[in-house]
Amino acid sequence: MAMGTKTHVLEVLQTEILARLPLKTICRFKSVCKKWKSTIESVYFRRLFLSLNRNSSSSSSSSWSLVYGQDELIVFNGRKTWDDLPKSPAPLIPPSFKRNHNGDCDYWDSSGGLFLITVGSDKAYCYVGSPVLQQWIKIPPPPSDPKGDSTVFGLVTRLDEDGVWTFKVIHSPIQIGNMYNINLNGTIYFGCLCVPGVPLAHDFYSESDQFRVVQLPDYPDHNKDYKRTLTTSGGFVMYLRTLAKKEETALKIWRLMNNDDYSWELLWEVRFPATGNYAPMAMHPFDVATVYLWSQRDDHLVSCNLRKQDYTVLGDAANDCFIDQSVCKKSVDELWRPRSSSDEDEDLNFQVCIWLFQFVIPRWMESVPRPPHAEMIDTTSLLSHATATHERMVREHETMMRERAAIMGDESNDDYFWMG
């Protein structure tokens with residue numbers, strides 16, 4: 001065997017062995033030599049690893065959590081891909097990065113294992129990073145907005161392509177109702193303010209500069225007894241709807257088809273012998289036959305197996321699931337609070353929850369794409385910058401209050417409170 005052929009065979013075997021190791025081990029091996037680093041960071045190696053670990057996306061091996069605002073409601077633990085991460089995804093995210101508008105950092109969105117945050121009053125800029133790799137970069141305002149008057153509202157990624165940053169101007173035909181959204185495979189979905197039950201969708205990787213209007217499958221059914229939510233599972237956007245009946249709970253689930261007309265397919269229609277108001281929380285990110293409901297009557301979480309059409313009450317005794325019951329109760333009651341039967345505006349009854357999102361630990365430790373001239377920093381440096389920004393805001397506020405007191409002739413009264 002020729003020396004060149006022998007060397008090539010050894011390199012192929014080496015690559016195959018590396019791709020079968022846990023991600024944290026692979027990440028450490030990048031520092032062995034330039035050759036290994038180049039191999040591990042290649043597109044071929046990434047695709048090989050994902051193909052070999054295709055079954056690692058099962059419910060027993062995927063760590064993910066359900067988050068509402070700054071609160072982590074439910075944690076599902078699985079660590080076959082990452083060998084030494086914490087039991088919960090939460091410790092990967094510093095507390096200051098949660099959505100807390102009185103804190104140093106405002107969390108805005110998550111996609112493909114990456115997080116989007118803003119720091120203090122510096123809203124024109126944002127930071128995108130990987131909590132797993134502890135890498136962050138600062139993203140400047142778009143080039144068409146030199147004054148920095150833009151608003152940060154979402155993060156869109158498509159993981160099957162090489163990481164690059166692109167800029168695009170798009171136009172919405174309908175006023176966006178709020179900054180909450182879900183995103184999947186490069187497409188972002190918003191609720192509408194003026195037309196309840198009609199989300200907007202835009203594929204950032206298409207050539208179009210327009211949003212698409214997507215009618216929900218039961219629009220315009222304004223039955224206020226329904227509880228509705230949008231989530232994702234198995235690579236699809238899913239629409240969940242529950243209805244409490246006298247002796248059972250009716251559950252319907254549609255998925256949005258990946259076609260040109262954004263049509264819906266009724267995937268499941270089941271009835272469970274469970275009574276009370278069950279709010280649809282989410283589906284498993286990878287298993288389209290597992291849905292999670294919260295009982296507003298008994299304050300517990302139910303896992304429904306749609307194939308077997310049975311359900312299990314989940315609790316802290318489960319080894320792979322942790323539920324913060326008090327936070328779940330508070331969040332669900334806030335999202336699905338009872339409305340008066342005397343409401344005259346029936347549009348108010350058509351409410352779809354898009355405030356719950358899944359934070360899934362990624363199956364690949366892809367480095368954060370870095371725009372030209374952008375500096376890569378670690379989490380410690382970012383938190384230090386956030387702290388310094390917060391302290392500067394406090395000082396500026398104190399100065400402003402003193403100047404206002406002086407103008408009003410009340411310089412002697414320096415006692416005031418400021419919540420930050």
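Visitor: Which residue in β16 is the bridge partner of Ala-282?
Guide: The model is a predicted one, in which local features require pLDDT of at least 70, side-chain atom pairs count only at pLDDT 80 or more, and totals for chains, interfaces and linings use all residues. Residues are numbered from 1 along each chain as its sequence is written, and side-chain values use heavy atoms, with hydrogens and water left out. Strands (DSSP runs of E, at least two residues) and helices (runs of H or I, at least four) are numbered from the N terminus, and two strands pair if DSSP finds at least two bridges between them. Five bridges join β15 to the antiparallel strand β16 (residues 290–295), and the partner of Ala-282 there is Tyr-292.

Visitor: What is the average twist from one strand to the next in the sheet of β15, β16, β17 and β18?
Guide: These four strands form an open sheet, in the order β15-β16-β17-β18, with antiparallel pairing. At its edges are β15 (278–283) and β18 (310–314), each of which pairs on one side only. From one strand to the next, the twist averages 30 degrees.

Visitor: What angle does the direction of helix α5 make with that of β16?
Guide: Axes are lines fitted to C-alpha atoms, for helices over the stretch in contact (heavy atoms within 4.5 Å). Angles between N-to-C directions run from 0 to 180 degrees. Helix α5 (residues 325–335) packs on the sheet and touches β15, β16 and β17 (300–305). With the direction of β16, that of α5 makes an angle of about 85 degrees.

Visitor: Which two strands stand at the edges of the five-stranded open sheet?
Guide: The order is β14-β13-β12-β11-β20, and the pairing is mixed. Within this sheet, β12 (residues 236–244) and β13 (residues 249–256) pair in the antiparallel sense over seven bridges, and Leu-240 has Ile-253 in β13 as its bridge partner. Two strands have a single partner each, so one side of each lacks a neighbour in the sheet: β14 (264–272) and β20 (352–353).

Visitor: With which side chain does the side chain of Arg-228 make a polar contact?
Guide: Arg-228 is found in strand β11 (residues 227–233) and is buried, its relative accessible area being 0%. A polar contact is a pair of N or O atoms within 3.5 Å; within protein, one must be able to donate a hydrogen and the other to accept it, and residues adjacent in sequence count only if both atoms are side-chain atoms. A polar atom of the Arg-228 side chain lies 2.8 Å from the backbone oxygen of Asp-221. The side-chain partner, at 3.4 Å, is Asp-218.

Visitor: Which residue in the hairpin of β5 and β6 takes a positive phi?
Guide: Both faces of β5 (residues 126–130) are covered, with Cys-126, Val-128 and Ser-130 buried on one side and Tyr-127 and Gly-129 on the other. Five antiparallel bridges pair β5 with β6 (residues 135–139), and Cys-126 stands opposite Ile-139. The hairpin has four residues between its strands, and the residue with a phi near 60 degrees is Gln-134.

Visitor: How many disulfides does the structure hold?
Guide: A disulfide is a pair of cysteine sulfur atoms within 2.5 Å. Cys-304 is buried at 2% relative accessible area, and Cys-353 is buried at 3%. The number of disulfides in the structure is zero.

Visitor: What percentage of the residues in the protein chain is buried?
Guide: The chain has six helices and 22 strands. Of its contacts with a separation of 6 or more, 55% join residues 24 or more positions apart. Among the 420 residues, the buried share is 46%.

Key
Buried means under 20% relative accessible area, exposed over 50%, partly exposed in between (1.4 Å probe, protein chains only).
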